Amino acid sequence: MQTRTPTMKTCQTLLEEFQRAPQPLRVEKLVFAGVGGRDVYNISAPFEDDGEWVIAGRVEARDSEQSEVYFFVEREGTWVPREGAPVFALQDPFVSRVHGHLVFGGVETFPHPVLHGKLYWRTVFYRGKTINELAHFFTGPDGMKDIRLVELRDGSVGVFTRPQGEKGGRGKIGFTRIGTLDELTVEAIENAPLIDGQFADEEWGGANEVHLLGNGLVGVLGHIACFDQERNRHYYPMVFAFNPDTGEASDMELIATRAHFLDGPAKRPDLADVVFSGGLIRNGDGTADFYAGTSDAEAQKLTIVDPFTKYERQG
């Protein structure tokens, strides 16, 4: 990866560049059942637990923000809640593996301490050898989503953050490094330096899933987002490579748009053009399966050209 600060690119610039890139190959909707007719969206990629593939998904009524996270297993083409698995009062689940632990987390909402009738949020983390052994071990700073962990090549833990406000504006990505999961603290997260040159001040983004690549770089799957003049939201899935030793990042690139997924309902009209980056399964044949939430109402899988292969070739 070249040593330089990434070029600041807006959503519009990234869209124009993406039109010239290889386009997604296949798409399918995932079918969920067993949750009382509620929507399942903003899913994780499938991960292995106790010998079977599991998806964590946000479960929510169309007219509500009261969310639960269920663990689903596939039965004859339909994903159903796994019998005996815990259910968490969280939004937007994510999963990683660090030092032999299954690390699971999501966004917890709670009444805003100042703004009456509004909700605030924080990221909470659990760990265990399996889903049924998950135990809470850390709660992130109030007001911060998109904290993600990755075990790095030297055994340390990379921590991606997303402050908002005075430090991060509408939301920018930061990075810091700790030795073990027990060293994860609110102070370490709040002090993480921002990655230079990624988001214009009127736009925002975050990391959704992080992959350790074969050469020690990390491949970040995330999102970049903006408002249009009517205050509709536009969320685009993006990737970039990051060097944890130098703090340098490649330019961001889009990997899909909402138009590449199948048509479907939206939770609200302003969310019609939203793709939530859930996770990526690298297939080893030059393709990858990208799991995403669409329009805050459904979950879909898009097969794409593996976006991380070119970064691994850079040595």
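Author: Before we start, one definition: a residue is buried if its relative accessible area is under 20%, and exposed if it is over 50%. The model above is a predicted one.

Reader: Thanks! Why is Asp 146 called buried?

Author: Its relative accessible area is 8%. The limit for buried is under 20%, so Asp 146, at 8%, is buried. You can find Asp 146 in the loop between strand 10 (135–139) and strand 11 (148–151).

Reader: What is the phi of Asp 146?

Author: Asp 146 has a positive phi of about 60 degrees, although it is not a glycine. Glu 76 is another non-glycine residue with a positive phi, of about 55 degrees. Look for Glu 76 in the loop that runs between strand 5 (68–75) and strand 6 (78–81).

Reader: And is Glu 76 buried or exposed?

Author: Glu 76 is exposed, because its relative accessibility is 85% and the cut-off for exposed is over 50%.

Reader: Let me step back to the whole chain. How many helices and strands are there?

Author: The chain has 3 helices and 21 strands.

Reader: How many of the 315 residues count as buried?

Author: The share that counts as buried is 55% of the 315 residues.

Reader: What share of the contacts with a separation of 6 or more is between residues 24 or more positions apart?

Author: That share is 52%. Leu 280 is a residue whose contacts you can follow in the structure: it touches, among others, Ala 45, Glu 209, His 211 and Phe 308. Leu 280 lies in strand 19 (residues 273–282).

Reader: How do you know that Leu 280 is buried?

Author: Its relative accessible area is 2%, and buried means under 20%, so Leu 280 is buried. Tyr 41, in strand 2 (residues 39–41), is buried too, with a relative accessible area of 0%.

Reader: Which residues does Tyr 41 touch?

Author: Leaving aside residues up to four places away in sequence, Tyr 41 touches Gly 57, Arg 58, Glu 60, Lys 267, Asp 296, Ala 297, Glu 298 and Ala 299.

Reader: Let us turn to charges. Why is the pair Arg 58 and Asp 92 called a salt bridge?

Author: The closest N and O atoms of Arg 58 and Asp 92 are 2.8 Å apart. A salt bridge needs a side-chain nitrogen of Lys or Arg within 4 Å of a carboxyl oxygen of Asp or Glu, so this pair, at 2.8 Å, is a salt bridge. Arg 58 sits in strand 4 (residues 52–60) and Asp 92 in strand 7 (residues 91–98), so the pair links distant parts of the chain, 34 residues apart. Both partners are buried, with a relative accessible area of 5% for Arg 58 and 10% for Asp 92.

Reader: How many salt bridges does the count come to?

Author: The count comes to 27. The chain has 32 positive and 47 negative side chains, and the centres of the two sets lie 2 Å apart.

Reader: What does the salt bridge of Lys 172 and Asp 201 tie together?

Author: The closest N and O atoms of Lys 172 and Asp 201 are 3.2 Å apart. Lys 172 lies in the loop between strand 12 (157–161) and strand 13, and Asp 201 in the loop between helix 2 and strand 14 (204–212), so the pair ties together parts that are 29 residues apart in sequence. Lys 172 counts as buried at 15% relative accessibility, whereas Asp 201, at 61%, counts as exposed.

Reader: Which residues do salt bridges with shared partners join into one network?

Author: The network joins Arg 58, Glu 60, Glu 65, Asp 92, Arg 233, Lys 267, Arg 268 and Asp 270.

Technical notes: Residues are numbered from 1 along each chain as its sequence is written. This is a predicted model: local features need pLDDT of at least 70, side-chain atom pairs count only at pLDDT 80 or more; totals for chains, interfaces and linings use all residues. Side-chain values use heavy atoms; hydrogens and water are left out. Helices (H or I, at least four residues) and strands (E, at least two) are DSSP runs, numbered from the N terminus. Buried means under 20% relative accessible area, exposed over 50%, partly exposed in between (1.4 Å probe, protein chains only). Contact means heavy atoms within 4.5 Å. Lys and Arg count as positive and Asp and Glu as negative; His and the chain ends are not counted. The place of a charge is taken as NZ of Lys, CZ of Arg, CG of Asp or CD of Glu.
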